[in-house]
Each structure stands twice: as C-alpha cells, then as structure tokens.
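This report describes some strand pairings and nonpolar cores. The sequence and structure come first.

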Amino acid sequence: MPKTKSIKKNKKGYESCSGCGVCLLVCPQWRRTSSMSVTRKARARAMQAGVLPEEIASSIDACLVCGSCEPACPEEISITSMNIEQRIRLNRARSKYPSWYPVPLKKAFISDNSILRRSTIVLAGGSGLGQKTCEHIINLLGGSKKAGLAADDGRDIAALIEAGMVLDDERIKYFLNNLRYADTLVVAEGILHLPLREWLPGKKIKGFGEALMDIRAIRRSLGPEDMYIIESRGYHSDFERLVKYYDRLRHETGCQMNLDLQRIAIPTGASSLQARHNIETAGCLEHAKWIMKGRRVKRIVVEDFADIKVFQLITDIPVIHISGLI
Ligand code: SF4
Ligand code: SF4
C-alpha cells in the first residue's frame, strides 16, 4: 500500500463525540442490523478508548459513506472525513482487503484526454448512464456548444477516496486540468463533490438533481404523485444550502422525497463500493423498502442512476432517472 494522505482536515474529530447517539437514527446500517457495533458512535467511542482501527475493521468496512450522519451530529464533527480517515488508517495496518475494494485503474482507461472547452462539464462517473442518456443530458443542459461530457470522469478517484486508498498527485492534477475551462461541473459521484469544491474553489459543483431541476420544464413535470429520491452523498456534502433548495422544490411541486424529519436524505447505498459489488449484501433492498414504507406514489424519480435497479427490485411502481422526466 503506497503512502496515504487526507483529503480534508477535520473540523472536529472522534475526540469530540459526546456519545449522544443521534447519528444512529439516520444510519442505514444501524436501521438494518440494530447492531451498535456498526455505528459511527461506536467507532468514535472505541477510538476515544484507544482501540486501533484494525480492531474495529468490520465496523469501518460496514459504513456505506452515505454522509447522513454528518448533518445530524450536534457536535458538528466532520464525520464523512473521519470515516475516510479511519479507512486510511485501517488500510495502513492491514494486508488483506474486502472483496469489494477497488482495483486501482490504470491511467490508460482514459481513452480521450482532450480538454473540454465548455462552460458546463458533466462527469457521469460510474453511474451506469448510457451514451444516449448522457447525450440527452448534454442537450438539456444547453447543447454541445455549452455543455460537454468528460471522458475522464474521475470514477477511479471517487473509488479510491471511498476506500481510503492512496490518491496519486499526478492523477489528480491530470483530472483537474481537463476541467479548467468549465464554470459548472455536474457530477454524478456525490463523494467527489466535497473534494472538488476544495480542489477547484470558485467552480459550481452540482449533482444531476440540482442541475436538471434548474430547468423549468423538468421541474414542472414533477408532481404530488412522484417519489423523488435525492442522491445522499452530494446532498449531505452541501447540506445547509441544499436543504433550502430541496425545500423549495418540494413546496413547488408537491412531490414526496426520501427525507426524514430532520430533512436528512435516507440513502439506498446503491452507489457505495459494497453495493457495486453486491446490492443485496450491501443492504440496498432493505434501505429502499424502508424509504417506500407507507408511501402511495405513482412514480419514483431518482437522481442516482444506480437507484433505478434497487427500486425496480422492490416495487412495481415505474422508476425513472430524472433526465427521463422530459
Ligand atoms: S456514513 Fe452512513 S453508513 Fe456510515 S456511519 Fe454514517 S450514516 Fe452510517
Ligand atoms: S451524533 Fe456526533 S456526537 Fe453524537 S454519537 Fe454520533 S458522532 Fe458522536
């Protein structure tokens, strides 16, 4: 394992955890297993007691990095950064990795390294969006003169961040260089939103939801009989701003959303590394069932393409990606 580095300095770390347990209430892994040992609280308290990351490896590996616990924490601990920091420390100490860990991709996977001179660049990531859907999204965002699809979408970087593995400086430089002419980046991988804001201050970083919902015709096609599924990682990474954005959207359209009473997004975990390996063992179907419990809707609209399959497996209600609204 090469040397590792942090992507963000913590505002507050595990030493600030009071043990209040609020983070449990929003944690999909707690809801699924009822096991205290898999929770953020348990990991923070264990670290306070001097436990080493390798002694709580199964708990660290269980986290889906959905980000739901961070806005819920009354101590304002940077929990997402802390989750990743713990994976970095665990990786330093272990020689065997879980089967869902990413195999580092070679630079050669980027077939086209031309720099896009567009004001909006779409990074489709490992979202599973096909070429036609991507072209449709580019048209929705103003056409090919204004918007372009990045050949290098940083999906390998997203996977390495999530796994707590090394980030190669040259690779990051190359990735960012290709984005330099854009003022807006539309990024499918929610886990990239926070680092991109730090690496490229001044650029607008949006998820597919915000970028497409800014289009009036798409907004108008959403209604009270829709269940709208917010992509949790991007949302929680910019929670204070986006909570207002989605409040307005909810009031304007009357749609239902996967938000709890604190307006924290309940995730399916479908974009996690664990789910990309196996959506059932990652618990995505149970998380999706929980989201749909007691809901009476005629359509499910998802921001994260990976959520389509999950909802299709648990319900007969039609499921579409947000780009399919028009
Ligand atoms: S990031 Fe998500 S899965 Fe991980 S501890 Fe927080 S709420 Fe639970
Ligand atoms: S919500 Fe924050 S302070 Fe409370 S137990 Fe969880 S991490 Fe600790």
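## A β-α-β unit

In this predicted model, strand β7, helix α17 and strand β8 form a β-α-β unit that is right-handed. The helix α17 spans residues 306-314. Strand β8 covers residues 319-321 and runs parallel to β7, with 3 bridges joining the two. Within this pairing, V302 stands opposite H321 in β8.

## A further partner for β7

Strand β7, residues 299-302, also pairs with strand β5, residues 226-229. These two strands run parallel and are joined by 4 bridges. Here M227 stands opposite I300 in β7.

## The largest nonpolar core

In soluble globular proteins, nonpolar side chains tend to be buried together. The largest nonpolar core of this model contains 45 residues. M213, Y228, Y235 and Y246 have the most contacts inside this core. Two or more residues each come from α1 (22-26), α5 (69-72), α6 (79-93), α7 (131-140), α11 (208-213) and α14 (239-253). Helix α14 gives the largest share, 6 residues.

Which residues does Y228 touch, leaving aside those up to four places away in sequence? They are G209, M213, L222, Y246, L249, C255, Q256, M257, N258, V301, E303 and I322.

## Another core

Terms used
Residues numbered from 1 in each chain as written. Chains lettered and ligands numbered in written order. Predicted model: local features only at pLDDT ≥ 70, side-chain atom pairs only at ≥ 80, totals over all residues. Heavy atoms only, no water. Pairing = 2+ DSSP bridges. Right-handed = clockwise from strand over helix to strand, strands pointing away. Core = buried A, V, L, I, M, F, W, Y, C linked by side-chain atoms within 4.5 Å. Buried < 20%, exposed > 50% of the residue type's maximum accessible area, 1.4 Å probe, protein only. Contact = heavy atoms within 4.5 Å.
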